[in-house]
Amino acid sequence: MELLFSPLFSGSSGNAIYVGDGESGILVDAGVSCARIIKELENIGVKPESLNAILITHEHTDHTSGAGILSRKFDLPIYATEGTWNGMQDKVGAVQSKNIRLIDTRQDFYIGKIGVCPFSIPHDASDPCGFSFISGSIKASIATDIGCIRDGWISAVSDSDILLLESNYNEDMLKAGKYPYALKKRILGRTGHLSNDDAGKAAVQLVNRNVRTIILGHLSKENNFPQLAEQTVRLALNEAGCEIGRDVNLSIARRDGFSGLFALEDNV
């Protein structure tokens with residue numbers, strides 16, 4: 001048994017992640033066009049008609065813009081919290097009632113044989129969530145659009161074999177950049193986004209809680225760049241005595257286009 005995990009798009013301009021086990025296929029977020037998502041799915045050998053579900057973390061357009069079209073084109077159910085559904089209805093367009101699936105962050109569920117474990121995250125949206133996926137002994141998790149480090153989401157993604165973790169911005173770049181003050185304040189706030197420095201602090205905690213591979217994602221195009229995010233998190237891990245390649249694997253998710261297909265083997 002194996003679980004496949006592939007960030008297709010990960011950034012402030014659009015997000016989509018594929019999770020599958022060979023029998024069931026799940027798309028987490030659909031924040032770019034339907035055509036672009038189809039192209040990247042095909043690049044990893046996944047036919048879009050083989051998908052079983054779309055899961056939405058929250059209603060912002062960089063997570064929802066392609067969801068309605070994909071649902072209508074391939075007759076796919078969309079799973080989201082009630083708050084997220086209320087916030088995104090005008091963004092995704094008409095969705096068949098049978099394909100509207102309400103979830104609760106306190107209740108796990110299955111899609112095929114894949115266990116889906118939603119958890120609450122601190123972000124300025126209506127009942128946003130992250131997800132962990134369980135297949136046998138394998139656990140894969142997504143924790144992006146997170147304003148601050150809290151034990152709740154840290155605990156939810158502990159013991160993950162692979163984790164997509166937000167590392168959105170460099171604080172100096174954001175403060176010196178061209179964004180309006182109100183937007184800077186929002187991003188820096190406790191329900192905004194996770195900085196590189198905080199991603200490093202979170203990574204140290206997560207390695208100590210048995211997370212084995214961390215993919216840094218949701219990088220800002222304007223206020224970050226991949227080498228800086230990786231260097232910041234790598235330094236935090238090294239200072240905590242965590243060795244890259246021994247204690248944890250570290251990589252970066254691309255903003256545009258898939259970042260590789262990770263095949264996680266169930267050894268139990």
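**Figure 1. Burial and overall dimensions of the predicted model.** Of the 268 residues of the protein, 57% count as buried (under 20% relative accessible area; exposed is over 50% and partly exposed in between, with a 1.4 Å probe and protein chains only). This is a predicted model, in which local features need pLDDT of at least 70 and side-chain atom pairs count only at pLDDT 80 or more, while totals for chains, interfaces and linings use all residues. Residues are numbered from 1 along each chain as its sequence is written, and side-chain values use heavy atoms, with hydrogens and water left out. The secondary structure comprises 9 helices and 14 strands (DSSP runs numbered from the N terminus: helices are H or I of at least four residues, strands E of at least two). The radius of gyration is 17 Å, close to the 18 Å of the globule rule for 268 residues, so the protein is as compact as a globular protein of that length (taken over C-alpha atoms; the rule is 2.2 Å times the number of residues to the power 0.38). Along the principal axes, the C-alpha atoms fill a box of roughly 50 × 50 × 35 Å. Among contacts (heavy atoms within 4.5 Å) between residues at least 6 apart in sequence, 65% join residues at least 24 apart.

**Figure 2. Packing of helix H1 (residues 34-43) and H3.** The two helices pack at an angle of about 70°, with their axes 9 Å apart (axes are lines fitted to C-alpha atoms, for helices over the stretch in contact, and angles run from 0 to 180 degrees between N-to-C directions). H1 is therefore roughly perpendicular to H3 (65 to 115 degrees; under 35 is roughly parallel, over 145 roughly antiparallel and the rest oblique). From H1, Cys-34, Ile-37 and Ile-38 meet Ile-69, Leu-70, Lys-73 and Phe-74 of H3. The residues of this contact divide into 6 nonpolar, no polar and 1 charged (Ala, Val, Leu, Ile, Met, Phe, Trp, Tyr, Cys and Pro count as nonpolar, Asp, Glu, Lys and Arg as charged, and the others, Gly among them, as polar).

Figure 3. Ser-71 has 2% relative accessibility and so counts as buried. Apart from neighbours within four places in sequence, Ser-71 is in contact with Ile-54, Leu-76, Ile-78, Val-95 and Asn-99.

**Figure 4. Buried residues of helix H4 (residues 82-92).** Gly-83, Thr-84, Trp-85, Met-88 and Val-92 are the buried residues of this helix. Their cover includes helix H2 (61-64), H3, strand E5 (78-81) and strand E6 (100-103). After H4 comes Gly-93, with a positive phi near 80°.

Figure 5. With a relative accessible area of 5%, Ile-187 is buried. Leaving out neighbours within four places in sequence, the residues in contact with Ile-187 are Asn-168, Tyr-169, Leu-174, Tyr-179, Gly-192 and His-193. Asp-124 is 63 residues from Ile-187 along the chain, and their C-alpha atoms are separated by 9.5 Å.

**Figure 6. Crossing of helix H8 (residues 196-207) and helix H9 (residues 226-239).** The helix axes come within 8 Å and cross at roughly 45°. H8 and H9 are therefore oblique to each other. Asn-196, Asp-197, Ala-199, Gly-200, Ala-203, Val-204 and Val-207 in H8 meet Leu-228, Ala-229, Thr-232, Val-233, Ala-236 and Leu-237 in H9. The contact residues divide into 9 nonpolar, 3 polar and 1 charged.
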